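Here is a short report for a first look.

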Amino acid sequence: MPITLAQAQRAMSSYGLSTFYILGTIGNFLLICILIQRTHRQNSCALYLLSATIVNFILIQCILPAGIYSADHVDPQNISPIWCKIRSYSFNSLLMLYRWYKMAACLDRAAMCNRHARIRSFSNARVARRTILIITIVWLLIPIHLAAYFRIESNRCIPQSGIYAKFFSMYSIVISGWSPPIVMAIFGYIAYKNLKKVKPRINPSTVPTGIINDHLNNNIASRTSDFHYISKRNRQLLLLLICEIILYMCTNLLYSVNITYSAITSDVSKSSDRIYIESFIAYFSSPFLIIINNCAPFYLYLIISSKFRHDVQKLFTYCCYSHKITPTQNNQLTTISKRGTIINHNNDL
């Protein structure tokens, strides 16, 4: 059994993580190119998604290559004390940044759909930028203890045995394991429930002609058609966020259960076969399943949202055809420019 599990883990590292690396790199790069556009940067939820996507891209480039390398070689974190500390800190910090950006996005959508204008005012781009800055600073500082107390023991990069090991177990269970999915689920459900209540109140026939106050979309819409367009975009963002929450729960549930189980059974005497099985489950839950959340958003959005597919099509169209001026067009532009100069000169005379 140990040999079979070792072979399975080696294949997952070699082929699975390699696939995740390629798809995640391409998907997150394209998603950044789409979300960084000006129309998206004015939307608070899109800003949170952009921040999470940037973190995903960095995490994939920093963590996955070492995981792929360990398929046929000794894992660098188990032989290099410096890399053990750097990898532990960076992996935890980047994952927590991703989770908290998504939690903030859920709070933002819940605020957007709230019936009270004061609460809706928190769903705007200015608040989002400040929140992103605070989250970034906090989660670059908090995980520093991993760099200080992670070390190589028994040829494994693990938290220092003793009091810190127990502290890290509680930290992982509460902060990393159960808090993010619970918060995402609660506020995602609140946002979806409130949105169903909001839609009947927004009746196009009751909206007066002229300027209308678009509380739901963080903008001022001057026409009813603009209001519908922005409202549809926000509903699409909420739908994408809810689907991503579902994906997060499906891929992180095993991790949450496993770290809770490991903490409960930490003092139990275990056979060698049980240790091998638990080690394989720990690897399968993290990083194998967890990393799916960092690689899949682009493809999830592509499947679910027709508006997102249109944005992708526009991106490829822009990349393929923009700034392409044929020689004939260039000569025409030069001729027009010369004619304009001659006309202006005659007028001056």
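In helix H3, Asn56, Leu59, Ile60 and Leu64 meet Ile291, Asn293, Asn294 and Cys295 of helix H10. Contact here means heavy atoms within 4.5 Å. Helices are DSSP runs of H or I with at least four residues, strands are runs of E with at least two, and both are numbered from the N terminus.

This is a predicted model: local features need pLDDT of at least 70, side-chain atom pairs count only at pLDDT 80 or more, and totals for chains, interfaces and linings use all residues. Residues are numbered from 1 along each chain as its sequence is written, and side-chain values use heavy atoms, with hydrogens and water left out.

**The helix pair**

Two packed helices are described by the angle between their axes and the distance between the axes. H3 spans residues 44-69 and H10 spans residues 272-295. Their axes come within 9 Å and cross at roughly 140 degrees. Axes are lines fitted to C-alpha atoms, for helices over the stretch in contact, and angles run from 0 to 180 degrees between N-to-C directions. H3 and H10 are therefore oblique to each other. Angles under 35 degrees count as roughly parallel, over 145 as roughly antiparallel, 65 to 115 as roughly perpendicular, and the rest as oblique.

**The whole chain**

The chain holds 13 helices and four strands. Of its 349 residues, 42% are buried. Buried means under 20% relative accessible area, exposed over 50%, and partly exposed in between (1.4 Å probe, protein chains only). Among contacts between residues at least 6 apart in sequence, 77% join residues at least 24 apart.

An unreviewed UniProt entry annotates seven stretches as "transmembrane region", including residues 12-35 and 237-261. Such annotations may be inferred rather than shown by experiment.

Tyr283 lies in helix H10. Its relative accessibility is 11%, so Tyr283 counts as buried. Not counting residues up to four places away in sequence, Tyr283 touches Gln9, Met12, Ser13, Leu17 and Phe288. Tyr255 is 28 residues from Tyr283 along the chain, and their C-alpha atoms are separated by 9.3 Å.

Arg120 sits in helix H5, residues 117-120. Arg120 is buried too, with a relative accessible area of 12%. Its side chain reaches the backbone oxygen of Asn114 at 2.9 Å.

Terms used: A polar contact is a pair of N or O atoms within 3.5 Å; within protein, one must be able to donate a hydrogen and the other to accept it, and residues adjacent in sequence count only if both atoms are side-chain atoms.
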